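Here is a short briefing on selected helices and packing contacts. Keep the structure open as you read.

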Amino acid sequence: MNRQGNSYHQILRSSSIVGGATVVNILCGLIRIKVAAIVLGPLGIGYIGLLQNLLGTAATVASLGLRTSGTQMIAEALALGSPAALAASRRSLFWGSLMLACIGGLSFWLARDILAANLLRPGEPAIQIGWLSIGVALTVMAGSQSAFMNGMRKVGHLAWVSVISSALATAVGIAALLFFSEYGVIALVLIIPICNVLVGYLFIRRLKTLVMPLSSFIDIVTNMRGLIARGTIYMLSGLVVTAGELVLRSFITRELGAAALGQFQASWTISVTYMGLIVVAMSTDYFPRLSGIIRDHEASNKLVNQQTEVTLLFAAPLVLFLIAGGSSIIDLMYSKEFGPATEILRWQILGDVFKIASWPLGYILLASGNAKAFFMYESSTTIFYVLVCWFGMPYFGLYITGIGYLIMYATALPVLYLLANRRSGFVWTRGVSYEFVGMACAATIVFMVTSYHHFGGLILGLSLSLVATFRSLRRIGQMIDPETKAGQLLTRVRDVAVRTRLLGGR
């Protein structure tokens, strides 16, 4: 197989491994949310979303971007082929994460009264917020474990950690909700980082690379300083995003009530869930690979185009399906009480068309170390989204959260494309441009038809989603070596599709 075929094969192999694990993770998350929706209703779902967002914001600050900078550092040390450099990098990542986890958890605990007064309803005890300090510390440690395995390109380990920890968290979290109802919400939120850390520790112990040469104190401290310096700007980027979401949720609660927050959380969860299926599978292997070749503009631009094409092929059927079947999905995942979330979800999915196309471009800035440009991009888009929702809510109500989401990414994609072009001369290939325009047009048509006639839009969306599925399989089959088992399977699927005229002939 030629080099381009090998690159596509690597992308598809990593995406399939991590994507399969992400599917299991998503299913477990959906089960947790379904039980929570039945037991607690919209108010409980909104409260869970608020706690998770608060925990995520605090963990983002406490980690100082070590998950991203740690992945880069481990990947660079691995590329050098020096056991000593790898040992020093790993120990620096561990001790740096442990220090930040302790500081972050303690700081969160001390700030519990202030946070409770500003985020919770009057009369609710601050101890509920205080318990999240454990989750903050554990989330920082889990992030360092993921960074190490990601940098080492241990895709299989990452997948197994995700699957096992998600299954355990689902079982324990559901039990807590069923036995303790609203008092089990904190346990549901905390059990996820607890399982991530425990399972991640067991898998890291299995790595042979744990037997490494001794590292000097100076080397460890020097690497830790580099990690924090490099990661701080990434932390600020993530902080702006999570803090913006937290501000928006607080604004929704104050202006429209807790039930409206539950509706927003329902649509947001579905959008983020399916985006996770696409983005996590992409970033796990793509980011370290791109970091290793970012100085070679020709090679890195080719990789970005290949990754973008594969991502669009994976996303197109799912996007069309979600726009058309949003109402049924909301009813299935939650209940009839969450009907208003459907319209928000459809706007968000339409916005995700632009978000999906922008994700591979953002990694050019990350891999090249252009953290300031990435920070400006992330912060400006988030602030823009919050402002659109802020000023538009009196006129459009809760629906502005979906409309603003579309406006944000429709305007952000050209900006990010320009930044990537200035950094490495990147341009989309003709094939990638066709894939993006085709998916955007199809999604817009399904959206418009569904707005005027739900059943007609559902039939159209499902039909186009099926066609997009076979078309994606056909293209992916061309990327994979036909001599492999996967290639042979996709060849047979393609032949069936051609015979049934789904692809319009050979």
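**Helix H15**
- Helix H15 covers residues 430-452, which is 23 residues. Helices here are DSSP runs of H or I, at least four residues, numbered from the N terminus.
- At 1.5 Å a residue, H15 should span 33 Å; the expected span is 1.5 Å times one less than the number of residues. The end C-alpha atoms of H15 are 34 Å apart, which agrees.
- Buried residues of H15 include Val432, Phe436, Met439, Val446 and Phe447 (buried: under 20% relative accessible area, 1.4 Å probe, protein chains only).
- Helices H11 (297-333), H12 (341-367), H14 (400-424) and H16 (454-479) are among the elements covering the buried residues of H15.

**Basis of the model**
- This is a predicted model: local features need pLDDT of at least 70, side-chain atom pairs count only at pLDDT 80 or more, and totals for chains, interfaces and linings use all residues.
- Residues are numbered from 1 along each chain as its sequence is written, and side-chain values use heavy atoms, without hydrogens or water.

**Leu261**
- Leu261 lies in helix H10 (residues 258-293). Leu261 is buried, with a relative accessible area of 4%.
- Leaving aside neighbours within four places in sequence, Leu261 contacts Gly46, Arg249, Ile252 and Thr253 (contact: heavy atoms within 4.5 Å).
- Tyr47 is 214 residues from Leu261 along the chain, yet their C-alpha atoms are separated by 8.2 Å.

**Tyr334**
- Beyond four places in sequence, Tyr334 touches residues including Ile33, Ala37, Gln265 and Ile270.

Technical notes:
Helices (H or I, at least four residues) and strands (E, at least two) are DSSP runs, numbered from the N terminus. Buried means under 20% relative accessible area, exposed over 50%, partly exposed in between (1.4 Å probe, protein chains only).
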